[in-house]
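Dear colleague,

I am passing on the structure below, followed by notes on what turned up in it. Please read the notes with the coordinates open beside them.

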Amino acid sequence: MSRFSVHQMMHYSLYSFAEHSPDPIYILGMDKKVSYANSKFVELYGWSTEELNLHDFPHVPPELRGELNQMYNFIDRGMPLFALDTFRIKRNGELISVKITISPVKDPEGRITAYVCVLRDVTEIKFSELKYYKLFNEANDPIFIYEQDEEGKPSKFLDVNEAGCRMLGYTRHELLDKTPRSIAAEALVPEVNKMFGSILSGEGMFVEWVEVTKDGREIPVEISAKPFRLNGRQLVISITRDMTERKKTEEFLRYSESLSMIGELSAGIAHEIRNPLTSIRGFVQLLYSRSKMNRELHEIILSEVDRINSIISELLLLGKEMPSELADCNLVRLLGQVIVLLNAQAHMTDNEIVMHTDLDSLPVRCAVNKLKQVFINVLKNAIEASPHGAEITLELKQEEHTAIIRIIDTGPGIPAELLQQIGAPFFTTKSGGNGLGVMISKKIIHNHKGTLQFKTNQPTGTIVEITLPLLHELQHT
């Protein structure tokens, strides 16, 4: 029979375990003093048992001394287990990340006599996590992580990076209360479950989608999503790419290609029509001089021939390239001249064109007459669309290296469903119009490296917004 009692054997086993443990360990008595620190603790932290008591736990950083009160409270209440993720400091000043587990030691009667504190160095683990989060949060594309909820649908987001917050306009806390369904465009909501099922089947997914921002804007995106397993849970990682600029570029290229093709076709057709049209006009005048043709009928025929000729002239403009003779111009002065020119027409219907700007000068490089033609076309349309006695507003401002001109009327406006069609060849909402004026204006602005857009005004009317690069920006590009 062993000369050691069971109680002694248990104490010896505890000591042997602590002394040979790869983790730093110390034993804390009920008097809150360290009664023992193993050799690994002394080796790693550099303080002996005596020094731990003498210096009052010097391995606890000053800014974390409050944790000692937590530990003492834990001891006073006789709690069975205590775990803490925190930091501790070595004698040489090095700070390490640790996971501390504090467990009670009981006597044969079940009374707690001491606590064993195990300090596991998790610096490498935390560093790996830090690298993951750095990569996760500094990614240019939004990344979302979620899983399946109890109903088999996509759960609330488990994590989202900073790019996702920026794109959708939410804080991280707000997005963690959202689901893939709640940020999808309304028309796509019925497709979410089907899409989620495809992802979970292991196929993954690469699809074009539309997500909705906090302020209600719809953003076209490209989503790449795949399932993965982590700690026994099947999660989904979804990498999202904002397609707004790509869509704009694609639309711009399609428009440019269409414009080029229409220009070439129009120029060819116009040349073919103009020659016989000139002959027809001449013969009509000759017939009128030699016959008793009704004067009114004669004028109607000539008027219609001239209208056809006018349309042909506009078709020819589509086929012409931007003239190379560009000149430096003060946009404020140019717009002032156009307003003076058109206010005479506006006053005939008691309308008034008023310019609002704080600028005295705004330099652009342009083909002056072409740019005047655009402003005249847009302002004429605004005058014709406005009710009698209404004011047409022209706003001019500068944003960084861009001039922004907004022409605002209070007419009936353009229905939202037709806004996208404005500028298409031969599409017009104006009786007697041919739809080429806006198309030509768009081409002129495009050749000036600018944009021309139509927007709905509230409560009524239309806003035409034109942007042009300023002179120094053009020189730079």
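The largest cavity holds about 110 Å³ of space, where a cavity is a set of points, on a 1 Å grid over the protein atoms alone, at which a 1.4 Å probe fits but cannot get out, and where a volume is the space filled by probe spheres set on the points, these being joined across faces, edges and corners. This is a predicted model, in which local features need pLDDT of at least 70 and side-chain atom pairs count only at pLDDT 80 or more, while totals for chains, interfaces and linings use all residues. Residues are numbered from 1 along each chain as its sequence is written, and side-chain values use heavy atoms, with hydrogens and water left out.

Around the largest cavity there are 14 lining residues, and of these Tyr146, Pro180, Glu211, Ile223 and Ser238 lie nearest its centre; a lining residue has an atom within 4 Å of a point. Two or more residues of this lining come from each of β6 (143-147), α8 (192-203), β8 (205-212) and β10 (233-242), with helices (H or I, at least four residues) and strands (E, at least two) taken as DSSP runs numbered from the N terminus. Strand β8 gives the most, with three residues. By class, the lining of the largest cavity has 11 nonpolar, two polar and one charged residues, where Ala, Val, Leu, Ile, Met, Phe, Trp, Tyr, Cys and Pro count as nonpolar, Asp, Glu, Lys and Arg as charged, and the others, Gly among them, as polar.

Leu68 counts as buried because its relative accessibility is 8%; buried means under 20% relative accessible area, exposed over 50%, and partly exposed in between, with a 1.4 Å probe and protein chains only. Leaving aside neighbours within four places in sequence, Leu68 is in contact (heavy atoms within 4.5 Å) with Phe57 and Val60. The C-alpha atoms of Leu68 and Phe57 are 8.7 Å apart, and the two residues are 11 apart in sequence.

Phe57 itself is found in the loop between α3 and α4 and is buried, with a relative accessible area of 3%. Its phi is near 55°, a positive value in a residue other than glycine. Lys32 also has a positive phi, of about 65°, although it is not a glycine; Lys32 lies in the loop between β1 and β2 (34-37), and at 24% relative accessibility it counts as partly exposed. As background, most residues other than glycine have a negative phi.

The structure holds six aromatic pairs, a pair being rings of Phe, Tyr and Trp (its six-membered ring) whose centres lie within 6.5 Å, with planes under 30 degrees apart counted as stacked, over 60 as edge-to-face and the rest as tilted. Tyr26 and Phe41 are edge-to-face, because their ring centres are 5.5 Å apart and their planes stand at 80°. This pair links distant parts of the chain, Tyr26 in strand β1 (residues 25-29) and Phe41 in helix α2 (residues 39-45), 15 residues apart, and both residues are buried. Tyr26 also forms a tilted pair with Phe57, at 6.3 Å centre to centre and 50° between the planes; here the link runs from strand β1 to the loop between α3 (49-54) and α4, across 31 residues. Tyr26, Phe41, Tyr45 and Phe57 form one aromatic cluster.

For the protein as a whole, the secondary structure comes to 15 helices and 17 strands, and buried residues make up 38% of the 477 residues. Of the contacts with a separation of 6 or more, 54% are between residues 24 or more positions apart.

With best wishes

Terms used:
1 Å grid on protein atoms, 1.4 Å probe; cavity = no way out; pocket = protein on both sides within 12 Å on 5 of 7 lines; lining within 4 Å.
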